[in-house]
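Please read the following note alongside the sequence and the structure.

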Amino acid sequence: MTRSTAPLSPPLLVTISTCSVCGTPMRRIWTDDLADYRWRAEDGDVVGVAKDVPDGAPESTEEPLDLLVLRGDFDAYSSLLALYESGSTLSPWEHRHQAIEPRSPDQVVPECHGWPMRAAPGVWICRVDGDVVRPLDDAA
């Protein structure tokens, strides 16, 4: 491995954020292999619901379609049907949480094979060969 010789310090990662749509507090959740992460609401949900959903709002995907037919709003019917047919299961008042990507504090990022290493909790990961480097390993 061709790694920079500068001493390594643990990555400084911001692991909290908020949803850009509804402001729900969110946390960065890492995969077991630390190769990737997902943002989840603090309660684990990936879907948010608007705060102003009216009482008696449809609870299934078919109900809004039926209501749009009764209203004669076929443009909205076509749009909603296209969403459902393409795999969306969200109601019109739901959204997928979208975390505001926080900026991590400035720090020297080590390089490996001429590329900056990826930060993960407590480790740096080589972008080329996937080697995981723990700052404590570097001191030995």
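1. Is Ile-125 buried or exposed? The model under review is a predicted one. In it, Ile-125 has a relative accessible area of 3%, and the limit for a buried residue is under 20%, so Ile-125 is buried. The residue belongs to strand S9, which spans residues 123–125.

2. The surroundings of Ile-125 deserve attention next. Leaving aside residues up to four places away in sequence, Ile-125 touches Leu-34, Met-117, Arg-118, Ala-120, Gly-130, Asp-131 and Val-132. Pro-110 lies 15 residues from Ile-125 in sequence, and the C-alpha atoms of the two are 9.7 Å apart in space.

3. The aromatic residues form a separate topic. The count of aromatic pairs comes to two. In one of them, the ring centres of Trp-30 and Tyr-37 are 5.1 Å apart and the planes stand at 55 degrees, so this pair is tilted. Tyr-37 also pairs with Trp-39, with 6.2 Å from centre to centre and 85 degrees between the planes, an edge-to-face arrangement. Through these ring pairs, Trp-30, Tyr-37 and Trp-39 are linked into a cluster.

4. How accessible are the members of this cluster? Trp-30 has a relative accessible area of 17% and is therefore buried. Trp-39 also counts as buried, because its relative accessibility is 14%. Tyr-37, at 25%, is partly exposed.

5. The crossing of H1 past H2 is left-handed.

6. Which residues bring H1 and H2 into contact? On the H1 side they are Pro-64, Leu-65, Leu-68 and Val-69. On the H2 side they are Phe-74, Ala-76, Tyr-77, Leu-80, Leu-81 and Tyr-84.

7. Strand S5, residues 94–96, contains His-95. This histidine is buried, because its relative accessible area is 13%. With residues up to four places away in sequence not counted, His-95 touches Cys-19, Val-21, Cys-22, Val-46, Val-47, Gly-48, Val-49 and Leu-90.

8. Arg-96 is likewise found in strand S5. Its relative accessible area is 42%, so Arg-96 is partly exposed, whereas His-95 is buried. Under the same exclusion of residues up to four places away, Arg-96 touches Val-46, Val-47 and Leu-90. The C-alpha atoms of Arg-96 and Pro-116 are separated by 31 Å, although the two residues are 20 residues apart along the chain.

9. What is the backbone angle phi of His-113? Phi is near 55 degrees, a positive value in a residue other than glycine. His-113 sits in the loop between strand S6 (111–112) and strand S7 (115–116). With a relative accessible area of 31%, His-113 is partly exposed.

How values were computed. Residues are numbered from 1 along each chain as its sequence is written. This is a predicted model: local features need pLDDT of at least 70, side-chain atom pairs count only at pLDDT 80 or more; totals for chains, interfaces and linings use all residues. Side-chain values use heavy atoms; hydrogens and water are left out. Rings of Phe, Tyr and Trp (its six-membered ring) pair if their centres lie within 6.5 Å; planes under 30 degrees apart count as stacked, over 60 as edge-to-face and the rest as tilted. Buried means under 20% relative accessible area, exposed over 50%, partly exposed in between (1.4 Å probe, protein chains only). A crossing is left-handed if the near helix is turned anticlockwise from the far one by less than a right angle, and right-handed if clockwise. Helices (H or I, at least four residues) and strands (E, at least two) are DSSP runs, numbered from the N terminus. Contact means heavy atoms within 4.5 Å.
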